[in-house]
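Biologist: Hi! Could you walk me through this one in plain words?
Modeller: Happy to, let's have a look together.

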Amino acid sequence: MTGSKLKGKATNAATRDGRRRRWTLSDSTRKGWDGHDRVVAASVSCECAGGGSIAPICNPKGSPCQQDDDSQSDCVEVIRSLGDLPEDICRRIHARMPLRDAARLACVSRKFWRSWRCYPKLDLRQETLGLNGDLISKVDSILKNHSGVGLKELNIELSSCDKVDSCYISSWLRIAVTAGIEELSLFLPHIPEEEENCFPCSPLLNGSENSIWYLDIGICAFRPTAGLGHWRSLTRLYLSSVRVADDELEGLLYSCDALEHLGVLNCPEIVCLKIPCLLQRLRLLTVSLCRNLQVIDCNAPNISIFHFSGSLVSIFFESALQVKNVEMDCLEFGQSNIVLHARTKLLSYAPNVETLAISSPNEMISTPMLPSKFLCLKYLHISLIGDEAISPAYDYLSLVSFLEASPCLETFILEVRQPYMKHDSVVEDSSHLRWLPQQRHNSLKSVTIVGFCSAKSLVELTCHIVENATSLERLTLDTTHGCQNGSMQRGDILMESHRARLAIRRHVERQVPSGVVLKVVEPCSRCIMLNF
């Protein structure tokens, strides 16, 4: 686990789609429509006709679906049967269809054409529209020809465009606000850093603060003012690659007392992120890749989930006892010793953490034994993932510090990904393995080590767990180093995988109690045959 980063624009759309069942068309219906170039091209361009009559373009009476071809006949029957349904049923069916299918159906049925003008979920991206032309003009035409009735979700992604005039954005936002939009996602084009895409706030003053509960904006400058009013319904706020100053964001948060999720990704102007105590409902805070961030000062009293990615900063939670789930990912910035930070500093702002995931590109300093305890920790996932080998100075056995400090720990996952190994191999080292004083880990039931290698200290850690985890039920040692399902690996990596399996046979297998399931994951036979 490398941490849950702030969801990007594509992920946001996928997440929203996943929360709802989708009504999809039969294969025969798709085949019938796809056979006609005009209908395929009109998958969205029925709206791009710019307000003209739809009949000359997609009149069902003149449609090639009336030809003798079997698939086209099937298409006609499906459309006729759908057209016989009551208007409200047609709208409910139409609303559950993917955008392109919904637009196609509108092009060949007058009833569904009327329904299309009330389509509730507009996902306007290059990928969903399937168009190679002027995306901005297409989006503009679709929104201007929408009736405004029933529009609840609007996702506009213009990152593939060169530039967009602010008057377009203002116009689109006015349409959405007038319709009573509930979910709004807007990503503007990438522009040179010295320029600024300003998100127009004025269209949001027309009562949108009463309807919008989901707001996701990106690649722009967001300069909210006090005139934005009180956002009574906003529960989800995500800012991605947004230029917003500390005081501007803090002022906005003061007017969002219903907020439950806050995500801040790659916002370069934020230095001190202040979360006011007014946000009583805020449960999830995600901060990722804000390169100038120095301080997170959170006074919201009920934060339970904290996800952080980037260079380490000063972190303060007013109600630290409420934080139960923490993910820290410092891979992007190449900062090392995150595991050390988690062991020495994390308890100061999350003493009752139950789920902890840490991702570090390297560790130079071994984890110290300390008297402090993670009394509530049940799930621990540590990922050491680097472009270079893990420093041979790092002692894997020192991770026992986490196990000894976590009396309730049930699941431990250690993930080691490195292009090659620098540690001393136990296969080539004839000295005895180290044994720590007996420490019972009575709650530990499942242990997984991904990237298991023959490093002596890693074998020592594994033997220590087997010897002292009295409730252990399953031990998984993955020696594939990424070689699975036919993916090829270098010969030296496969050789290390071979040494790892040899170390397991010599030192681990004989220690595993009969009641413990030992699973050793090996490289695929194809890789082994090709290299040896």
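Biologist: Is Ser241 buried, partly exposed or exposed, and why?
Modeller: Ser241 counts as partly exposed because its relative accessibility is 29%. Buried means under 20% relative accessible area, exposed means over 50%, and partly exposed is in between (1.4 Å probe, protein chains only). This is a predicted model, where local features need pLDDT of at least 70, side-chain atom pairs count only at pLDDT 80 or more, and totals for chains, interfaces and linings use all residues. Residues are numbered from 1 along each chain as its sequence is written, and side-chain values use heavy atoms, with hydrogens and water left out.

Biologist: Where does Ser241 sit, then?
Modeller: Ser241 is in strand β5, residues 236-243. Helices (H or I, at least four residues) and strands (E, at least two) are DSSP runs, numbered from the N terminus. Ser241 also has a positive phi of about 55 degrees, although it is not a glycine.

Biologist: What about the phi of Ile219?
Modeller: Ile219 is not a glycine either, and its phi is positive, near 55 degrees. Ile219 belongs to strand β4, residues 214-221, and it counts as buried because its relative accessibility is 11%.

Biologist: New topic: how confident is the predictor, going by pLDDT?
Modeller: pLDDT is the predictor's confidence in each residue, from 0 to 100. The protein chain averages 82, and 79% of the residues score at least 70.

Biologist: Which residues have pLDDT under 50?
Modeller: Over residues 1-68, pLDDT stays under 50. Where pLDDT is low, the predicted coordinates should not be read in detail.

Biologist: OK, salt bridges. How many are there in the whole structure?
Modeller: A search of the whole structure finds 13 salt bridges. A salt bridge is a side-chain nitrogen of Lys or Arg within 4 Å of a carboxyl oxygen of Asp or Glu. One of them joins Glu260 and Arg236, at 3.1 Å from N to O. That pair links distant parts of the chain, with Glu260 in the loop between α12 and β6 (261-265) and Arg236 in strand β5, 24 residues apart.

Biologist: And which residue does Glu404 pair with?
Modeller: Glu404 forms a salt bridge with Lys373, and their closest N and O atoms are 2.7 Å apart. Glu404 lies in helix α14 (residues 400-404) and Lys373 in the loop between β13 (355-360) and β14 (379-385), so the pair ties together parts that are 31 residues apart in sequence.

Biologist: Which residues form a salt-bridge network?
Modeller: Glu196, Arg223, Arg243, Glu248 and Glu269 are linked in a network of salt bridges.

Biologist: What does the side chain of Arg343 make a polar contact with?
Modeller: With the side chain of Ser401, at 2.8 Å. A polar contact is a pair of N or O atoms within 3.5 Å; within protein, one must be able to donate a hydrogen and the other to accept it, and residues adjacent in sequence count only if both atoms are side-chain atoms.

Biologist: Last one: how many disulfides does the structure hold?
Modeller: It holds 0 disulfides, a disulfide being a pair of cysteine sulfur atoms within 2.5 Å. Cys463 is buried, with a relative accessible area of 3%, and Cys272 counts as partly exposed at 22% relative accessibility.

Conventions. Contact = heavy atoms within 4.5 Å.
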